[in-house]
Amino acid sequence: MKFKRLYQTLAMAAAVFAVQPAYAQNMSFDSYVQLLMAKARAQGVSEPTIARMTAGLEPSSRVIELDQAQPGSPTSSGYPPLSNYIERHVDQARIAPGRREYADARGTLAAIEREFGVPGEILVAIWGHETAYGRVRGGFDLSQALATLAWEGRRRDLFENEFLALLQVADKGYSRSELQGSWAGAFGNPQFLPSVYLRLATDGDGDGRANIFTNRADTLASIANYFRDAGWRTGQPWGVGAAVPRGFDTAAVDTELVAPVCPRVHERHSQFKTVAEWRELGIRPLRPLADTTLVSLFQPDGPGSPAWLLTSNYRVILEYNCSNYYAMSVGLLADEIAR
């Protein structure tokens, strides 16, 4: 038993030190935290906030392990079926509580939609996917997680800025125990990073505070503000199902554009054409959609499988999480919630 504990201790130490880049090797974690504290002071964060958010900080081997386990560049070996993912993520465990939240917040959602132009079912679907309607928000100490990721150095600029933003969030009166979330720094019902909170979190009920932890109105208004900022077009759906004739040559409408971000996600979508142009090619939307609307064709599981015509609002969902599996499941969950 003693040998087992010693082995576990050595393994944890190895996880921390084996991944240190040259910069971190020349600076201890404690010294690096002192540097972060100085930068926070320069940004106007109060001394009491700095003290409570950095007290007892030490690097987390678990956070480093999770970060190092993230996949690298995808291969060209193909894609897992979308249908399997949808079965797991657009199920009654998400639909039923989503419908309850949608009904309970109907008045709030109507006011938010008037202000931001984003349908309530989309906002509820994002909330459901991110944290199961607030039930699973993550239990990592954000201060430790972000300081560790910044010190580790693989993406230092990103995580150092997020740590400093976290201290600014804390300076608004949130305790360190409230500021818990994912190992990568996202927190609250919508899983915002601290910098996103500072930029887009919104007071949805007029109490003067954007509480995305326990306040439903603030949560939904903040997601709506995110979507408006990302370019959501009022009055357009995210997409509609499409009927594709047998033998249709999808290769003839492949996109020739290479997206600067998440190219493997966008390469699966066709060229953009108007609904009228798709009709001329035999592609028919299964729900009403104006003939002038620009849409792309997406048939993720190949010929003979379900297909969709996607509007630019689908791209807005991708801004939240750049994955076709995520964006499709959000859109389909929203449709089920509002049905």
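How much space lies in the second largest pocket? In this predicted model, the volume of that pocket is about 260 Å³. Its lining comprises 13 residues, and those closest to the centre are Thr 250, Asp 254, Arg 268, Leu 297 and Gln 299. Sorted by class, the lining of the second largest pocket contains 5 nonpolar, 5 polar and 3 charged residues.

The next feature to consider is a pair of helices. Helix α8 spans residues 106-116 and helix α9 spans residues 120-131; their axes come within 9 Å and cross at roughly 110°. Angles of 65 to 115 degrees count as roughly perpendicular, and α8 is therefore roughly perpendicular to α9. On the α8 side, the contact involves Leu 109, Ile 112 and Glu 113, which meet Gly 120, Leu 123 and Val 124 of α9. The residues of this contact between α8 and α9 divide into 4 nonpolar, 1 polar and 1 charged.

An open sheet is formed by 5 strands, arranged in the order β4-β6-β7-β3-β5 with antiparallel pairing. Ala 242 stands opposite Ala 307 of β7.

Key
Residues numbered from 1 in each chain as written. Predicted model: local features only at pLDDT ≥ 70, side-chain atom pairs only at ≥ 80, totals over all residues. Heavy atoms only, no water. 1 Å grid on protein atoms, 1.4 Å probe; cavity = no way out; pocket = protein on both sides within 12 Å on 5 of 7 lines; lining within 4 Å. Points joined across faces, edges and corners; volume = space filled by probe spheres on them. Nonpolar A, V, L, I, M, F, W, Y, C, P; charged D, E, K, R; others polar. Axes fitted to C-alpha atoms, helices over the stretch in contact; angles between N-to-C directions. Helix = DSSP H or I, 4+ residues; strand = E, 2+ residues; numbered from the N terminus. Parallel < 35°, antiparallel > 145°, perpendicular 65-115°, else oblique. Contact = heavy atoms within 4.5 Å. Pairing = 2+ DSSP bridges.
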